[in-house]
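The following paragraphs lead through a predicted model, chain by chain and then across the contacts between chains. Please keep the sequence and the coordinates at hand while reading.

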Amino acid sequence: MSWISKTFSSSIGRKIIMAITGLFLCSFLVVHLVGNLQLFKADNGVAFNAYSEFMGHNPIIRTLEIVLVLGFGFHIYEGLSLAIKNRAARGAQGYVSNHIEQNSSWHSRSMAMLGSIVLFFLIVHLYNFFGSLRFTDVPRDANGNEDAYALVLDAFRNPLYVALYVVAQFALLYHLLHGFSSAFQTLGLVHRKYTPAVKFIGYGFSIVVCAAFAAMPIYFYFFK
Amino acid sequence: MAGSNPNAKPMNLTLKVWRQKNRITKGGIVDYQVKDISPDMSFLEMLDVLNEDLLRQGQEPVAFDHDCREGICGSCNLFINGRAHGPEQGTTTCQLHMRKFSDGDTITIEPWRATAFPVNKDLSVDRSAFDRIIQAGGYVSINTGGTPDANEIPIPKDISDRAFEAATCIGCGACVASCKNASAMLFVSAKVSQLALLPQGHVERKTRVENMVAQMDLEGFGACTNIGSCAAECPVGISLENIAILNQEFLAAKATSNNLA
Amino acid sequence: MFPDSKIPEGPITEKWEKHKFNVKLVNPANKRKYDIIVVGTGLAGASAAASLAELGYNVKAFTFHDSPRRAHSIAAQGGINAAKNYQNDGDSVYRLFYDTVKGGDYRSREANVYRLAQVSVNIIDQCVAQGVPFAREYGGLLANRSFGGAQVSRTFYARGQTGQQLLLGAYSALSRQVAYGKVKLYTRSEMLDLVTVDGQARGIITRNLLTGEVEQHAAHAVVLATGGYGNVFFLSTNAMYCNATAAWRAHKKGAYFANPCFTQIHPTCIPVSGDYQSKLTLMSESLRNDGRVWVPATKETAEKLRKGEINVNDIQEADRDYFLERKYPAFGNLVPRDVASRNAKMMCDEGRGVGSTGLAVFLDFADVIQRTSAEAVSQKYGNLFDMYAKITGENPYERPMRIYPAVHYTMGGLWVDYNLQTSVPGLYATGECNFSDHGANRLGASALMQGLADGYFVIPYTIGDYLAQTPPKPVTTEHPAFQQAQADVEARVQKLLSINGTRTPDDFHKKLGHLMWEYCGMSRNAEGLRYAKAEIQKLRREFWSDLKLAGTENEMNQALEKAGRVADFLELGELMVDDALDRNESCGGHFREEYQTPEGEALRNDDEYAYVAAWQYTADNQPEILNKEELTFENVKLTQRSYK
């Protein structure tokens with residue numbers, strides 16, 4: 001199997017892992033967003049709790065969860081190790097004067113930092129919801145489903161959480177603004193005809209997804 | 001003085017130049033004043049003026065690489081005011097002219113920085129890593145003689161033109177110097193996609209990309225994060241599209257080549 | 001005794017074929033027992049090193065650059081000639097041969113030129129197979145363009161970067177052999193002497209330009225592919241590092257130097273703008289297809305223009321002198337390089353030059369822009385116009401370009417026989433470094449052709465003839481000649497560093513360049529040449545007593561490198577003057593004012609000067625011995641060129 005490990009330990013191979021896991025995580029964002037949109041339903045969380053119960057116990061979902069963890073794991077590990085490798089390639093002696101802002105965008109250069117913010121958010125987020133639901137006894141609602149909705153209500157009464165969630169969505173936004181089309185470039189999926197469309201969709205995707213996620217804590221804090 | 005603007009005023013400038021005795025010793029920035037610089041001078045001619053002054057005073061001139069001074073040999077490589085080849089786009093250092101600067105300016109001049117490009121002396125760096133990458137596979141393995149007639153294989157003009165555009169890389173290393181990751185992907189991709197586009201290069205396309213990428217990694221260049229600084233600073237406008245082609249070639253080669261190693 | 005030029009017998013069309021059969025061969029198993037040194041990695045050197053390594057020889061390739069790809073071949077713009085006749089316009093090997101001999105003003109060897117034309121077709125095949133992206137037509141086949149001195153379209157090109165693409169092709173072939181271990185590559189290594197043992201070339205002495213280390217390298221044969229010596233003039237279109245040191249050192253070890261006075265002045269270069277100028281930039285000759293060359297009709301107008309009192313676009317048609325169209329109605333702006341250059345100089349000498357130095361003429365595109373459009377002109381010459389704008393800061397779409405002739409190429413070089421062997425057995429010279437194929441004037445797009453012909457298709461055959469007669473036992477640096485040569489090189493470096501005077505190498509180089517340009521440049525006369533000779537001798541003495549350097553020999557020291565090259569230029573310059581003085585005729589790039597037709601055109605003297613002047617070194621500061629190789633023309637009739 002040495003050719004496989006060699007492929008994925010080369011600089012391009014690692015980038016390919018970043019791209020594939022990145023796009024996979026984008027698809028997760030879509031699923032996660034669609035499900036969570038039920039929070040906005042005016043039924044005091046009945047539908048959301050049912051959805052949450054389903055996600056927590058369906059065997060297919062539980063299996064995919066492992067894939068998702070691996071996706072995150074690889075994306076985070078490769079991202080950090082590439083960042084370290086790239087820093088080493090740059091060398092100890094930096095430029096005295098460097099106007100890199102004149103040839104590239106801030107967010108494209110800040111992927112590791114933006115990703116780290118998102119990672120920090122992810123840990124807090126898992127602790128808030130996933131941890132409580134999976135590892136503690138949560139009160140049940142009228143339908144006998146675990147009352148995840150109550151957890152959300154509770155969490156977003158805390159302005160610090162609200163602020164963290166909103167900031168994290170900005171970090172995710174900028175991460176995606178570069179990451180989405182960058183993944184296509186890394187996979188070599190570039191064509192003069194289609195690449196402009198990929199870029200456009202990437203921008204639209206990033207803005208819609210992040211805005212919708214950010215709307216949730218704001219909605220709960222101010223309107224519930 | 002002739003040139004464009006007979007009324008152009010000579011300039012006085014402050015130069016902050018990286019001086020370093022050799023590969024081992026530590027370097028630092030040294031300040032110099034240059035006077036009566038004509039706006040029609042090229043940037044390197046301005047450095048010639050500095051060096052003549054230094055030599056007359058018995059000091060060592062600033063070492064820097066340069067040769068053709070026409071923007072094609074790829075020797076010149078200065079990081080000027082925080083930009084590879086200076087502030088003007090699509091220009092090598094030797095084709096940058098002093099009319100882009102103003103009287104009283106301070107100009108910072110540094111060598112290319114990258115682990116794979118160690119400093120030889122002052123502003124001169126070692127770019128032999130690029131040669132070793134080409135030696136790893138940047139060629140078509142044919143011997144002299146015995147080749148078919150040149151018109152035997154027709155090549156569509158647009159393909160040939162794209163191959164030509166990739167082939168115009170001058171190997172200066174501005175891509176590496178300006179990349180936040182010191183990645184050599186633009187350089188490597190220019191050669192890989194030139195030969196991947198042309199039928200002559202098809203026979204070895206898999207081994208070529210595998211070997212060149214392996215050598216690139218061995219030399220200690222960073223990985224591409226698609227930020228685009230390289231293409232923005234490339235004096236001959238090598239396109240990022242080539243990097244996508246390189247990625248494609250690499251993936252296809254790794255997935256389908258018979259090489260198990 | 002003059003060495004045999006070894007031109008094979010028989011009809012010209014069969015000479016090369018017969019010769020290839022008659023030369024001795026080294027059997028494949030024995031080839032790996034021979035070491036060959038190739039100095040220089042431009043077109044001629046890289047192609048030779050790669051091809052010899054492919055045959056099985058062990059090659060050591062040397063370049064003073066940081067990479068073989070930096071060689072100045074890379075800067076050639078226009079194209080490469082080949083007698084492919086792809087355009088069905090009547091081209092043939094014979095026609096290319098004829099055009100080249102005639103273009104060279106009948107001062108080249110017929111046999112060499114015919115061989116060049118023959119192998120030209122193989123070069124294109126070779127380069128295309130390497131992946132060189134030549135320009136193509138929509139049908140996918142190769143495109144051609146026409147060039148000066150020919151009535152057929154036989155020039156292959158890759159936009160304005162043909163030299164770059166060809167060099168990168170040769171560089172890739174070389175890189176492949178480096179990877180195979182058949183070529184050992186020495187970068188940043190400058191050859192500072194040739195080592196001869198019992199009269200045969202057996203190695204070289206180099207200096208590592210990073211560490212200053214002086215090294216000995218032995219081999220069974222040495223090939224010099226070190227380019228031309230145009231930088232004698234200080235300002236030229238050559239790259240900054242181009243120099244004559246390797247060739248000159250070889251000359252002092254016994255290799256004859258042929259026709260040193262034959263230098264080509266290119267008419268369309270961007271003019272000098274000040275004393276600080278370090279080099280000149282060529283604008284492709286193709287611009288003269290559409291541009292009109294002119295100067296103000298009177299001295300007074302020219303003076304006002306120079307002072308900035310009037311604007312160029314305000315000068316009325318009647319006040320302009322389109323001097324090439326006036327003097328040469330048949331060829332107009334398309335007269336050959338030497339004629340165009342001399343006439344521009346004449347105008348400036350009359351005080352009608354433009355630009356603030358007065359050393360420029362206009363090349364005007366207003367007519368063609370009006371006739372077609374600025375877009376159409378941009379399509380054709382866009383990159384050249386951009387380059388002009390970048391360098392001068394002027395917009396050539398709005399005001400005429402200013403151009404002036406500049407030194408571009410040297411036809412002279414080390415004397416070689418038909419095998420490209422110099423007068424030192426075992427020492428070969430290829431490309432611009434030798435004198436062989438261009439006579440007194442080189443045609444456009446022929447330099448690339450010659451470099452690659454020599455490297456890919458001539459030297460691999462002819463060097464075997466010598467090696468087959470050399471025993472295949474290892475050559476080492478044991479011989480005292482190596483120790484002696486190394487000691488000489490080190491002593492010379494020490495001497496340069498110890499003078500501790502007041503003037504920089506560039507200072508001397510500029511003075512020499514000025515003398516050469518004024519007195520041994522576009523036009524020459526006996527009086528000026530004698531003056532220049534005395535001045536060069538004086539300058540040389542000053543150099544060795546008043547040179548200023550800094551730093552040491554044990555490190556990267558670019559001023560020291562430069563000083564060594566200038567020292568050699570100071571000797572070569574005098575030989576060029578001697579050669580120009582000897583040649584009492586005008587031909588090609590050599591125009592002696594005393595020898596011209598009543599209309600002011602070059603006047604050849606075939607009865608007395610149809611020879612190659614091969615100069616033999618005797619001792620420092622002593623006159624060299626002139627050996628003459630008579631040229632015989634059996635196929636081409638000698639005629640006077642006329643462009644009226």
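What percentage of the 224 residues in chain A is made up of buried residues? In this predicted model, the buried residues of chain A amount to 29% of its 224 residues. The chain has nine helices and zero strands, and its elements, read from the N terminus on, run α-α-α-α-α-α-α-α-α. Taken along the principal axes, the box filled by the C-alpha atoms of chain A is roughly 60 × 45 × 40 Å.

An unreviewed UniProt entry gives "transmembrane region" for residues 16-40, 60-77, 111-130, 160-180 and 200-222 of chain A. Among these spans, residues 160-180 of chain A are 100% helix and 0% strand, with end C-alpha atoms 29 Å apart. Residues 200-222 of chain A are likewise 100% helix and 0% strand, and the end C-alpha atoms of that span lie 32 Å apart.

Helix H6 (residues 205-218) of chain B packs against helix H8 (residues 241-256) of chain B, at an angle of about 110 degrees and with the axes 9 Å apart. Angles of 65 to 115 degrees count as roughly perpendicular, and H6(B) and H8(B) are therefore roughly perpendicular to each other. On the H6(B) side, the contact is made by Arg205(B), Lys206(B), Val209(B), Glu210(B) and Val213(B). H8(B) contributes Leu246(B), Glu249(B), Phe250(B), Ala253(B) and Lys254(B). By class, the residues of this contact between H6(B) and H8(B) are five nonpolar, no polar and five charged.

Chain C holds an open sheet of three strands in the order S3-S5-S4, with antiparallel pairing. Its edge strands are S3 (80-81) and S4 (145-146) of chain C, each of which pairs on one side only. S4(C) is joined by two bridges to strand S5 (residues 153-156) of chain C, and the two run antiparallel. Arg145(C) stands opposite Thr155(C) in S5(C).

For chain C, too, there is an annotation from an unreviewed UniProt entry: residues 35-448 are listed as "domain: FAD-dependent oxidoreductase 2 FAD-binding". That span of chain C is 30% helix and 20% strand, and its end C-alpha atoms lie 27 Å apart.

The contacts between chains remain. Which chains share the most contacts? Of the two pairs of chains in contact, it is chains B and C. Chain A and chain C do not touch, and their nearest C-alpha atoms are 21 Å apart. Between chains C and B, 71 residues of chain C are in contact with 73 residues of chain B. On the chain C side, the elements that give two or more residues are helices H3 (43-55), H5 (110-130), H6 (162-180), H12 (374-392), H13 (447-467) and H17 (558-582) of chain C. H6(C) supplies the largest share of that side, nine residues. In terms of residue class, the side of chain C that touches chain B has 27 nonpolar, 29 polar and 15 charged residues.

Definitions and conventions:
Residues are numbered from 1 along each chain as its sequence is written. Chains are lettered from A and ligands numbered from 1 in the order in which they are written. This is a predicted model: local features need pLDDT of at least 70, side-chain atom pairs count only at pLDDT 80 or more; totals for chains, interfaces and linings use all residues. Two strands pair if DSSP finds at least two bridges between them. Helices (H or I, at least four residues) and strands (E, at least two) are DSSP runs, numbered from the N terminus. Two residues are in contact if their C-beta atoms, placed from the backbone, lie within 7 Å. Axes are lines fitted to C-alpha atoms, for helices over the stretch in contact, and angles run from 0 to 180 degrees between N-to-C directions. Angles under 35 degrees count as roughly parallel, over 145 as roughly antiparallel, 65 to 115 as roughly perpendicular and the rest as oblique. Ala, Val, Leu, Ile, Met, Phe, Trp, Tyr, Cys and Pro count as nonpolar, Asp, Glu, Lys and Arg as charged, and the others, Gly among them, as polar. UniProt positions are given in the numbering used here, feature names are shortened, and annotations may be inferred rather than shown by experiment. A residue is buried if 20 or more other C-beta atoms lie within 10 Å of its own, exposed if 12 or fewer, and partly exposed in between; C-beta atoms are placed from the backbone.
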